[in-house]
Amino acid sequence: MADCPLCDQSTIMHVSVISVSAFVALIFVVFRLWARMIKKVRVELNDYLCIGGLIFALTSTVFSVCSYVYWGFFSTSVAGDSEIVVIRYKALLVGQLLWITAVTLIRTSVIFLYIRIFYTRPFRITCYALLTVNLIYFTATVLACCLICRPFARNWDQSIHGTCGDQKSLDLFIGVFNILMDIATVALPMPNLWRLQMPTGRKVALSGMFSMGLAICIITLVRIEVITRITAQNAAGQYALTALLTCLESSLGVVNACLPVTKPVFEKLKPKWLISAISKWTSGKRSIPSHEYEMPSKPKEIGWPLENQAKRVLQGKAQDSTIDLEAVVWTPPSSPREEFGF
């Protein structure tokens, strides 16, 4: 199997799965940028962070493919080849650093997107608090991965005199804390989302879209379970499976981060009749009657009070109950949430 890695069915399956998932992540980032062009909205910080997450996710995928094909992650026959073993341990360390960087950038992108959509001060404070915890988690993970063995080279060369901590316990801690962060990120927008004035069907649809991150949580749980079963006898196969789940987690994270902003692209690609059917199911009746947005037939006789925030039209002087519409350009009310289909 070492002479012909791609002759093994497990290797073919792993390489195919992570390659397809990486390609899907790339397509969704392209859709994200395309959606910005359709809506004529400039690329924002959350977009750049998502692109950064994609770059590290793709790099992690390339490393995993090389690990399967060239460094024998599935092969037990290379156990006596010291050069291959050293390369394998180096790949494990680099892969872990690539993974934590990718998921941190993706999670940060999602949280900044939340900040862009929802405006309440308490919510934004919560978002920034979660961003701080996310950054601390990233820093702690990088330091732990680099300092678990002293000297540093002992991470891949066990013949060097030194000490190493419990790698298995570290991997479990990183996995458990990561799933807690994912759950917090998924749950963060739900209270605000369900307070929006929109039909229940549409709330359910949007909640489902934002809850796609739960699939990533399931993958993380499986990865944790795989880590707990690693022994000296099955290390090669278990680490190969861990690499597969790691690549899936980062690639699907990119897809999940792009879903809320790719609606314009899918509207452009889908048949019109399907869009109409989906719109009727998700939109329902308007929360504010459309006639409230109409211009009055006699603008000199009808005033628009300031306290009616739904109309969002400036009033004249306080003592004047009318407004001269000839000097005002009236535009329908709009919300930045319209970019995301809210």
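Reply: Happy to! One term to start: a cavity is a set of grid points where a 1.4 Å probe fits but cannot get out, and its lining residues have an atom within 4 Å of a point. Keep in mind that this is a predicted model.

Me: Which helix gives the most to the lining of the largest cavity?

Reply: That's α3, with 6 residues. Helices α5, α7, α8 and α9 are also among those that supply at least two residues each.

Me: And which residues lie nearest its centre?

Reply: Ile106, Val110, Asp182, Ile216 and Asn256, out of 19 lining residues. The lining of the largest cavity divides into 11 nonpolar, 5 polar and 3 charged residues.

Me: New topic: what does UniProt say about transmembrane regions?

Reply: An unreviewed UniProt entry annotates several stretches that way, including residues 173–192 and 204–224. In the model, residues 173–192 are 90% helix and 0% strand, with end C-alpha atoms 31 Å apart. For residues 204–224, the span is also 90% helix and 0% strand, and the end C-alpha atoms lie 30 Å apart.

Me: What about α1, how far apart are its ends, and why should that be so?

Reply: Helix α1 covers residues 9–39, and its end C-alpha atoms are 45 Å apart.

Me: What follows α1?

Reply: Lys40, whose phi is positive, near 55°.

Technical notes: Residues are numbered from 1 along each chain as its sequence is written. This is a predicted model: local features need pLDDT of at least 70, side-chain atom pairs count only at pLDDT 80 or more; totals for chains, interfaces and linings use all residues. Side-chain values use heavy atoms; hydrogens and water are left out. UniProt positions are given in the numbering used here, feature names are shortened, and annotations may be inferred rather than shown by experiment. Helices (H or I, at least four residues) and strands (E, at least two) are DSSP runs, numbered from the N terminus. The expected span of a helix is 1.5 Å times one less than its number of residues. On a 1 Å grid over the protein atoms alone, a cavity is a set of points where a 1.4 Å probe fits but cannot get out, and a pocket is an open set with protein on both sides within 12 Å along at least five of seven lines; lining residues have an atom within 4 Å of a point. Ala, Val, Leu, Ile, Met, Phe, Trp, Tyr, Cys and Pro count as nonpolar, Asp, Glu, Lys and Arg as charged, and the others, Gly among them, as polar.
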